[in-house]
Amino acid sequence: MKNVAYHISFIGAGNVAWHLAPALENVGHFVKEVYTPNGKSAKKLVGNLYDAVVKSDLDFSDSPSQIFILAVPDDAIKSIAEEIILPEQSLMVHTSGSKGLDVLEYSSAAATGVFYPLQTFSKSKKLDFERVPFLLESENKEALKILNNLAKSLSKNIQIVSTAQRKQMHLAAVFACNFTNHMMSISEKIMNNAQLNFSLLHPLVLETIDKALKHSPQSVQTGPAKRGDLETLDKHMEMLQSDGNVQEIYRLISQNILDNH
């Protein structure tokens, strides 16, 4: 059955909107408007869209859109939701992993929801949305049906989850994604200090991630802490004496591995 085509407006033009808006157009939906406070980033995003226009204010009362997507920083969602003026029968959603439905409760929308793509977004890297999980939430059955249709037009992986579940998922994602990337940035710095190229570690990193995704990460843990090799751990701590913060990170993670394996 052919997907329903929706008219959509974006509030925000950051990394999420930069990828999501064109992706929605590419599967047959219509992005009609983009709003940002200064208009500059909205203009850039509109340049990548078919017939969207830059919206200069938050009065959307005459908008042709049915769905309004708040793709803005978490701390701006509540204030924008309260300020924006929407047409009748509108559905407004946010794309945050850590904010609940309650931040939209004082909006003028007929229905509210969450449309959260569980992925890290960078403007410079293209994404295959078919592989991106979408976590949906709404207390309105018809709104949830619309969000489900919208997500299915993009992805094969859709989950309806509660606010509590999504917050736990977001916390887990910080460990799996943000912290993992930060560990690699520390690793890169160590390699650079030794006048070695970080690319030497690429095969090791790829194999580690591959094993963790194919099995339970805990079952494939390796390294000196897993082995209980206290001599190597002590040597590494000595090598990190010049950077107390990184040394403490090493100590805490190593101790946690020792305690759990």
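Lys 32 and Asp 51 form a salt bridge in which the closest N and O atoms are 3.5 Å apart; the term denotes a side-chain nitrogen of Lys or Arg within 4 Å of a carboxyl oxygen of Asp or Glu. Lys 32 belongs to strand β2 (residues 30–35) and Asp 51 to the loop between α2 (40–46) and β3 (53–55), so the pair ties together parts that are 19 residues apart in sequence. The structure is a predicted model, in which local features need pLDDT of at least 70 and side-chain atom pairs count only at pLDDT 80 or more, while totals for chains, interfaces and linings use all residues. Residues are numbered from 1 along each chain as its sequence is written, and side-chain values use heavy atoms, with hydrogens and water left out.

**Overall architecture**

- The protein has nine helices and eight strands; these are DSSP runs numbered from the N terminus, with helices being H or I of at least four residues and strands being E of at least two.
- The C-alpha trace spans about 70 × 35 × 35 Å along the principal axes of the protein.
- Of the 261 residues, 39% count as buried, where buried means under 20% relative accessible area, exposed over 50%, and partly exposed in between (1.4 Å probe, protein chains only).
- Among contacts with a separation of 6 or more, 55% are accounted for by residues 24 or more positions apart; a contact means heavy atoms within 4.5 Å.

**Salt bridges**

- Side chains of opposite charge can pair when their charged atoms come close.
- The count of salt bridges in this model comes to ten.
- In the pair described at the outset, Lys 32 is buried at 19% relative accessibility, whereas Asp 51 is partly exposed at 40%.
- Glu 82 and Lys 78 meet through their side chains in a salt bridge of 2.8 Å, N to O.
- These two residues, Glu 82 and Lys 78, are four residues apart in helix α3 (residues 74–83), which means that about one helical turn separates them.
- Glu 82 is partly exposed at 39% relative accessibility, and Lys 78 is partly exposed at 40%.
- A further salt bridge joins Glu 137 to Arg 166, with the closest N and O atoms 2.6 Å apart.
- Because Glu 137 lies in strand β7 (residues 134–137) and Arg 166 in helix α5 (residues 163–193), this pair ties together parts that are 29 residues apart in sequence.
- Both Glu 137 and Arg 166 are buried.

**Packing of helices α8 and α9**

- Helix α8 (residues 230–239) packs with helix α9 (residues 244–260) at an angle of about 165 degrees, and their axes are 10 Å apart.
- Axes are lines fitted to C-alpha atoms, for helices over the stretch in contact, and angles run from 0 to 180 degrees between N-to-C directions.
- The two helices, α8 and α9, are therefore roughly antiparallel, a term for angles over 145 degrees.
- The contact is made by Leu 230, Leu 233, His 236 and Met 237 of α8, together with Gln 247, Tyr 250, Arg 251, Ser 254 and Leu 258 of α9.
- By class, this contact of α8 with α9 has five nonpolar, three polar and one charged residues; Ala, Val, Leu, Ile, Met, Phe, Trp, Tyr, Cys and Pro count as nonpolar, Asp, Glu, Lys and Arg as charged, and the others, Gly among them, as polar.

**Leu 171 in helix α5**

- Leu 171 is placed in helix α5 and is partly exposed, with a relative accessible area of 43%.
- Leu 171 and Ser 98 are 73 residues apart in sequence and 8.1 Å apart in space, C-alpha to C-alpha.

Methods. Angles under 35 degrees count as roughly parallel, over 145 as roughly antiparallel, 65 to 115 as roughly perpendicular and the rest as oblique.
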